[in-house]
Amino acid sequence: MNFNEFQNRARLYVIGALEPEELEEFEKARKKFGKKAEDFIAECYALHEAFALSCRPAKASAAIKQRLMAMVRARK
């Protein structure tokens, strides 16, 4: 595996999308590329976290809100 392939797989590694066979090959390449690989993986994790934090949470539907309020009223 060359470093370009490693970079492509690192992105999948960060989101947990590598198959077991790919993961084994990725780990070997990770050791082969050493610090350069670790730095790239750290960068991918940082980007992944920044993206996750930038996403807005989904709005609760009106039906969910009604069910919740009904449960609160029932407890009184």
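This is a predicted model: local features need pLDDT of at least 70, side-chain atom pairs count only at pLDDT 80 or more; totals for chains, interfaces and linings use all residues.

Biologist: What kind of pair do Phe-3 and Phe-33 form?

Modeller: Phe-3 and Phe-33 sit edge-to-face, 5.1 Å centre to centre, with 80 degrees between the planes. Phe-3 is in helix H1 and Phe-33 in helix H2, so this pair ties together parts 30 residues apart in sequence.

Biologist: Are Phe-3 and Phe-33 buried or exposed?

Modeller: Phe-3 is buried, and so is Phe-33.

Biologist: And why is the Phe-6 and Phe-26 pair called stacked?

Modeller: Their ring centres are 4.7 Å apart and the planes are at 0 degrees, so Phe-6 and Phe-26 count as stacked. Phe-6 belongs to helix H1 and Phe-26 to helix H2, so here the parts tied together are 20 residues apart in sequence. Phe-6 is buried at a relative accessible area of 0%, and Phe-26 is buried with 0% too.

Biologist: Which residues do the ring pairs link into a cluster?

Modeller: Phe-3, Phe-6, Tyr-13, Phe-26, Phe-33 and Phe-40.

Biologist: OK, on to the core. How many residues does the largest nonpolar core have?

Modeller: That core has 13 residues, and Phe-6, Ala-10, Tyr-13, Phe-26, Phe-33 and Ile-41 have the most contacts inside it. Helix H1 (3-14) and helix H2 (20-54) each supply at least two of its residues, and H2 gives the most, with 7.

Biologist: What does Ile-41 touch?

Modeller: Leaving out residues up to four places away in sequence, Ile-41 touches Phe-6, Ala-10, Tyr-13, Val-14, Phe-26 and Arg-30.

Biologist: Back to H1, then. Which of its residues are buried?

Modeller: Phe-3, Phe-6, Gln-7, Ala-10, Tyr-13 and Val-14. Down the axis of H1 the buried residues fall within an arc of 120 degrees, so they line one face of the helix. H2 is included in what covers them.

Biologist: What about the ends of H1?

Modeller: Asn-2 caps the N-terminal end of H1, with a side-chain oxygen 3.1 Å from the backbone nitrogen of Asn-4. Just after H1, Gly-16 has a positive phi of about 75 degrees.

Biologist: Last one: how far apart in space are Asp-39 and Ala-70?

Modeller: They are 51 Å apart, C-alpha to C-alpha, and 31 residues apart in sequence. Asp-39 is in helix H2 and counts as partly exposed, at 41% relative accessibility.

Definitions and conventions
Residues are numbered from 1 along each chain as its sequence is written. Side-chain values use heavy atoms; hydrogens and water are left out. A nonpolar core is a set of buried Ala, Val, Leu, Ile, Met, Phe, Trp, Tyr and Cys residues joined through side-chain atoms within 4.5 Å. Buried means under 20% relative accessible area, exposed over 50%, partly exposed in between (1.4 Å probe, protein chains only). Helices (H or I, at least four residues) and strands (E, at least two) are DSSP runs, numbered from the N terminus. Contact means heavy atoms within 4.5 Å. The arc is that of the directions from the helix axis to the C-beta atoms. A polar contact is a pair of N or O atoms within 3.5 Å; within protein, one must be able to donate a hydrogen and the other to accept it, and residues adjacent in sequence count only if both atoms are side-chain atoms. Rings of Phe, Tyr and Trp (its six-membered ring) pair if their centres lie within 6.5 Å; planes under 30 degrees apart count as stacked, over 60 as edge-to-face and the rest as tilted.
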